Amino acid sequence: MSQRFTVTAFSKSDSGRNVSDIQGEVNQLFEGDEPTPSSSNKEVSFNTEVVVVQGDGNPKESSPFINSSDATEKSQKYDGKHMALFEEEMETSPMVSTMISSLANYSSLPQGSKEHEEEADNEEEDKKKKKPVKAPQLGTLMGVYLPCIQNIFGVILFLRMTWMVGIGGVIGSFIIVFMCCSTTMLTAISMSAIATNGVVPAGGSYYMISRSLGPEFGGAVGICFYLGTTFAGAMYILGSIELLLVYILPQAAIFKMEGLEGAEAEAAMLNNMRVYGTIVLSFMATVVFVGVKYVNKLALLFLACVILSILAVYAGVIKTAIEPPDFPVCLLGNRPLISKGFDVCAKTLESGNGTVTTKLWSVFCDSPFLNATCDEYFVNNNVSFIQGIPGVMSGILKENLFGNYLEKGDLVAKKGIATVEGPDDTLTNSNRYVLADITSFFTLLVGIYFPSVTGIMAGSNRSGDLRDAQKSIPIGTIMAITTTSIVYMSAVILFGACIEGVVLRDKFGEGVNGNLVIGTLAWPSPWVIVIGSFFSTCGAGLQSLTGAPRLMQAISRDGVVPILRVFGHGKANGEPTWALLLTAGICEIGILIASLDAVAPILSMFFLMCYMFVNLACALQTLLRTPNWRPRFNYYHWALSFLGMSLCLSLMFICSWFYAIVAMVIAGSIYKYIEFRGAEKEWGDGIRGISLSAARYALMRLEEGPPHTKNWRPQLLVLVSTDVEQNVEQPRLLSLTNQLKAGKGLTIVGTALAGTYLENHPQAQRAEQSLRKLMETEKVKGFCQVTISSNMRDATSHLLQASGLGGLMHNTVLVSWPRNWKQADDLQTWRDFIELVRETTAAHLALLVPKNIAAFPSNGERFSEGHIDVWWIVHDGGMLMLLPFLLRQHKVWRKCKMRIFTVAQMDDNSIQMKKDLTTFLYHLRIDAEVEVVEMHDSDISAYTYEKTLVMEQRSQILKQINLTKTEREREIQSITDSSRGSIRRKNPAVVTTQLSVTEEQPGVSSKVEKPEEEVQLIHDSTSPTSPATPLTPASEGGAQTPGSAQVQMTWTEKADGEPAKPPGASTPQGIKDIFNMKPEWENLNQSNVRRMHTALRLNGVIVKKSSEAKLVLLNMPGPPNNRSGDENYMEFLEVLTEGLNRVLLVRGGGREVITIYS
């Protein structure tokens, strides 16, 4: 729309400024331009346009104005002086006047319009001028009430209602009608609440369900509703063909039925239905393709036919009370006869020449003479006739109250008339009697009747054409259902009160001269009903073929089912050509079934499923009390919606349990397809509301107490670091997470950034995207979190404290061993790590620290053999037992065997320990090999002192010398060179001798041959060296390279108990060096010496036993209470894990995590 605005100065202070100056300031506020000076004092005008785009597959109802580029561009309608305070907000938030104007001019166009096709044909539309759209003008009567009446009254009322009353009885039929009408009334109440909860664009029921229950349910139910509408078209076409071939023009049948009996006659009838049905379907599809406007123009004519037909029936009922019509039914005994083939209901007639036989005699006898041989039943019983329509005052209602269900081929017999049947009397001349064509039962009647109450969505489907949809839809729909329900219920009673039972059970009117049974009751002529019902069924078929393709087009354009997107395209004027072809193809399936009684239950399933989800949507929104749930229609309640949903589900299984299961499987398959392959939509649906409510309830339950040991599983907080580009530096950490979790439990992947939130928010978003992408790649199901603080230490601490919600908290922290902690730019890296260990201990959280994480397997790798070794040094609540079990659930570790090692001290009984541990593992239901390693007390080795001395000297260097990075590296290099020179001056034979008395390890010779390449010792420049100094290969990060062996030179006993000779035993030079170092040893911290001794001995045993293991799990010692020894703690852990490829250091959280009880 185009509007002209004139900007004028209206305050005294602005009296000296011209209009252009003020306009320039307005433009500046919007566009950031400088005010344009102008001497001319003339009106400045500009155009604004409000565009509402529909059918783009991305509905804007969630946020139609905020951050909308359209709104920003079109919001230039305010005075700069009064809005200057908000000028910086205007880029993202529009003026209230703009928003209200957009809302007031909102137009939801009917589907199939030219404007609805804009998105598919943007280039074409840009070249053409858009025509102004007329405002919708339809009111309640024309827009909702009459379309619903036309859709609800249909073929079942005219073709099957009388037969249903005859078979099920007045009581049974009334129950069926009441049950079905109650279902649709409850559904209409729910639909009215949804339809009045905001603007409902064109799309009707599909739009309501999908926006209330989400794209998965919406797509599944939308397709079910589409299939129901399509099969309804097939049913209407079959009904019109039945009217044509049975009542209007029987001689038009291609496959002749005269003289055929039983299955042959039935097959001929079905083939006629298939041929004519296909022809009619092709004609109707062509009409719809050529132009829907012709269908809409004929809609009133079809509606008039329906109303006139129903009025004719009521007029006929009134007439029967005054003067019942003459429709005699000929009975032989108690069996009604097919009226075709004879003219007089008598065996013989008296004439002047004597007694002569009738045509009826010729039917049952072999000749027209009195002495002919006749059918035994014909001879034994008399012929009589009764009135087919005795009238409403005749009292026939009492006879028709109860049901009379028949098997296929049974005779339709009159109750209360004597008949003579021989003991061996078999049915002959069956084609002369009125027979039941199908086996009937109560649930079949429900399935056949239910389509006659569908069509309640006709009003909501036209929501785009209504002047006030929120007022018209509830009133029109409920009034239409009330009207049709009254008509149906009164029809059941009136049919039972006016028509003879044998005529009611005569489905095709064979006993009343082939008339439509309901037509015999009509006034003034049966042809009123026949012609009226024929046109109304044809019209209903056209309406179905018009509505179904548009429904499919709406689903396709929403993009929720990717495979159906092709059906969103159509002609230039928006006609859904491809969807029409699909609809005609599916409709042909119903035509090929060819039986009205078989097609009706199929479409009943799809409609019932649609109605069930409408009720579910209303009930959910009401119970969840969504803030946006504010329907104008107030006469609803969640209990009514649940009752309607229960009725729909019950009717589905009452109609046909088989079809019900098939329909549910179809809907379920579509649901899962949309869930896995469909486009993600956020429509504020009720299912999301259920998830939120369920999550809240579960979180509140978790608050009641900690989980039982049986339910304990590691809820991981994975701490990762990112590089400058915010990419994760340790992707294998998430691979390990996946292997530990296998998609179960809680996983939070977090990273920390240093800085302020306002400045680093973009980096945080990039980091979060990077985490999400890596989580998706590694198939880690969980959440990601980025925390920004002034420094990394605080940011990590915040992550540790604030992650999780309520009872859904992490109980385990997974963090990688700090790489290159010795060569870090500053000392903060390993200090942060140790503080993290302390904080997890204080928070009673378990801690997992994988060392050499790059060597851990990815999710795609498989270990065909190998061991997971657990070194159980101290009790940690069972974490060391549980983790290997969880890992072995994953395909990467599945074929690895578990071994558990524990350490026995001097006073322990190692044999008993092994038995107890084996029993314990048996009760834990964990399969593992058990081994007890004995470590006896021994003297502290010279190497231990040397290692401790090196550690303390290095610590002093880093503490006391404040060097730049380059200077520090130069200093360390000089110390290393001095140490290497000292080693080279020693006798190489001494080194060889030392190696011979230690544990024999593969690869030792290569390390001895190249000491300059592989030995890297950091000493003080004045510290003496000794032959007892080990050859310790170290990688850049201070960790052993995978597969290498650790050479240990000690005076302690080896793991097998054999004493090793002291180094001085073979070389006097070694004894001399040791005594020279003695005074320095005495100054060492004895606590550090003992810890180093423990680390070295444990490392030696672990390397010997587990050097070939795929993974080693080890108790992680706690940091010292005195913070001054933190750097030594890192060194202890390095020594403890040297020579091992993959290590997982584990600290328990202070609680039992595994139990032997069930």
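Visitor: In what order do the 3 strands of the open sheet stand, and how do they pair?

Guide: The order is 2-1-5, and the pairing is antiparallel. Strands here are DSSP runs of E of at least two residues, and helices are runs of H or I of at least four, both numbered from the N terminus. This is a predicted model, in which local features need pLDDT of at least 70, side-chain atom pairs count only at pLDDT 80 or more, and totals for chains, interfaces and linings use all residues. Residues are numbered from 1 along each chain as its sequence is written, and side-chain values use heavy atoms, with hydrogens and water left out.

Visitor: What makes strand 1 and strand 2 a pair?

Guide: Two strands pair if DSSP finds at least two bridges between them. L332 stands opposite R335 in strand 2.

Visitor: Why are strand 2 and strand 5 called edge strands?

Guide: Strand 2 (335-336) and strand 5 (383-387) each pair on one side only.

Visitor: Where is R505 placed?

Guide: R505 lies in the loop between helix 17 (501-504) and helix 18 (517-521).

Visitor: Why does Q905 count as partly exposed?

Guide: Q905 has 42% relative accessibility, and it therefore counts as partly exposed. Q905 belongs to the loop between strand 12 and helix 30.

Visitor: How does the span of helix 30 agree with what it should be?

Guide: The expected span is 1.5 Å times one less than the number of residues. For the 14 residues of helix 30 (residues 910-923) this should be 20 Å, and the end C-alpha atoms are 20 Å apart, which agrees.

Visitor: Which residues of helix 30 are buried, and what puts them on the same side?

Guide: In helix 30, S910, L917 and L921 are buried. They cover an arc of only 35° around the axis, which puts them on the same side of helix 30; the arc is that of the directions from the helix axis to the C-beta atoms. On the other side of helix 30, I911, K915 and Y922 are exposed.

Definitions and conventions: Buried < 20%, exposed > 50% of the residue type's maximum accessible area, 1.4 Å probe, protein only.
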